[in-house]
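Dear colleague,

Please find the structure below.

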Amino acid sequence: MTVKMGSFERMRNVMIAFSVLISLSGTGLLAIACLLLLYPTGPGGTLSISNALFIGTIYAVALSVVLLVLGILGSIAAFRESRCLLMVCFLLILLMCMVELAAGIVAFLFRDHLTKLYFEEELRGYYMGANTTDPYTKSCDSIMIRFECCGVNGPRDFLYVIHFVVFNPHSNVPEACCKRYEATKNGIILDVKKCISGEAEFMNSQGCFDVLGPKVEMILYLTGGLSIWILIIQICVMIFAIWLFQRA
């Protein structure tokens, strides 16, 4: 009997520890999501022109909050040795695992929305040029100014942007591509005329995908690794929960 009680106590403590890990992992995921949403001068600057990244970030925020709650619930269920709470915890975690797997499948299906070709097509189809209230154009201009880059691959991208060519026939690049004394919207441009006429020394030559791509890729790999880690912990907690449920 003593051996059984000792085994039960150990399993209960292990479940509490793993539940705490779920809460901590949820906190880490929330930190990454908040970094993207609240730090626009970093990789999060791409959220304004990528619906896939924006929706994924909102999902990460919601998931992290649920994980925090599940972690607390799991700890309470194990500590109180409540059969009811243990079963509720098991079922909720099972449901979350299914949601996470579904989200992973959706992310895989929409992976093309984060390729260079996708952003090239978006730029060609929706960029309007300066002095417009179009949200997509304003977001692109903001990114190009903030990160001192131009287009997806470089200045030559704008030779194929239909709306820009039509509405700006005398400009090779938008003013957002011009070099400034300070990389802000109100920063003074070195020489507007020479920049829009195509003189290389007065415009940013590096493409925005090359500037932001590695940063976004790092965030995606970090988030993906953390998601796999969370899934493994959840499976462990489910096993401990059903084990304790049968012996409580």
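A crossing is called left-handed if the near helix is turned anticlockwise from the far one by less than a right angle, and right-handed if clockwise. Helix 4 makes a left-handed crossing with helix 5; helices are DSSP runs (H or I, at least four residues), numbered from the N terminus.

The model is a predicted one, in which local features need pLDDT of at least 70 and side-chain atom pairs count only at pLDDT 80 or more, while totals for chains, interfaces and linings use all residues. Residues are numbered from 1 along each chain as its sequence is written, and side-chain values use heavy atoms, with hydrogens and water left out.

**Helix 4 and helix 5**

Two packed helices are described by the angle between their axes and the distance between the axes. The axes are lines fitted to C-alpha atoms over the stretch in contact, and angles run from 0 to 180 degrees between N-to-C directions. For helix 4 and helix 5, the angle is about 120° and the axes lie 10 Å apart. These two helices are therefore oblique to each other, since angles under 35 degrees count as roughly parallel, over 145 as roughly antiparallel, 65 to 115 as roughly perpendicular and the rest as oblique. Phe119, Glu122, Leu123 and Tyr126 of helix 4 are in contact with Tyr136, Thr137 and Cys140 of helix 5 (contact means heavy atoms within 4.5 Å). Five of the residues in this contact of helix 4 with helix 5 are nonpolar, one is polar and one is charged. Here Ala, Val, Leu, Ile, Met, Phe, Trp, Tyr, Cys and Pro count as nonpolar, Asp, Glu, Lys and Arg as charged, and the others, Gly among them, as polar.

**Helix 8 and its partners**

Helix 2 packs against helix 8 at about 25°, with the axes 12 Å apart, and the two are therefore roughly parallel. In this contact, Leu53, Leu67 and Ala78 of helix 2 meet Val216, Leu220, Ile230, Gln234 and Leu244 of helix 8. Seven residues of the contact of helix 2 with helix 8 are nonpolar, one is polar and none is charged.

Helix 3 and helix 8 pack at about 155°, with axes 9 Å apart, and are therefore roughly antiparallel. Their crossing is left-handed. Among the residues in contact are Arg83 and Glu100 of helix 3 and Gln234 and Gln246 of helix 8. The contact of helix 3 with helix 8 has 17 nonpolar, two polar and two charged residues.

**The largest pocket**

The largest pocket holds about 1,500 Å³ of space. On a 1 Å grid over the protein atoms alone, a pocket is an open set of points where a 1.4 Å probe fits, with protein on both sides within 12 Å along at least five of seven lines; lining residues have an atom within 4 Å of a point. The volume is the space filled by probe spheres set on the points, which are joined across faces, edges and corners. Of the 49 lining residues, Ala52, Leu53, Ala107, Leu114 and Leu220 lie nearest the centre of the pocket. Helix 8 gives the largest share of the lining, 15 residues. By class, the lining has 35 nonpolar, 11 polar and three charged residues.

Yours sincerely
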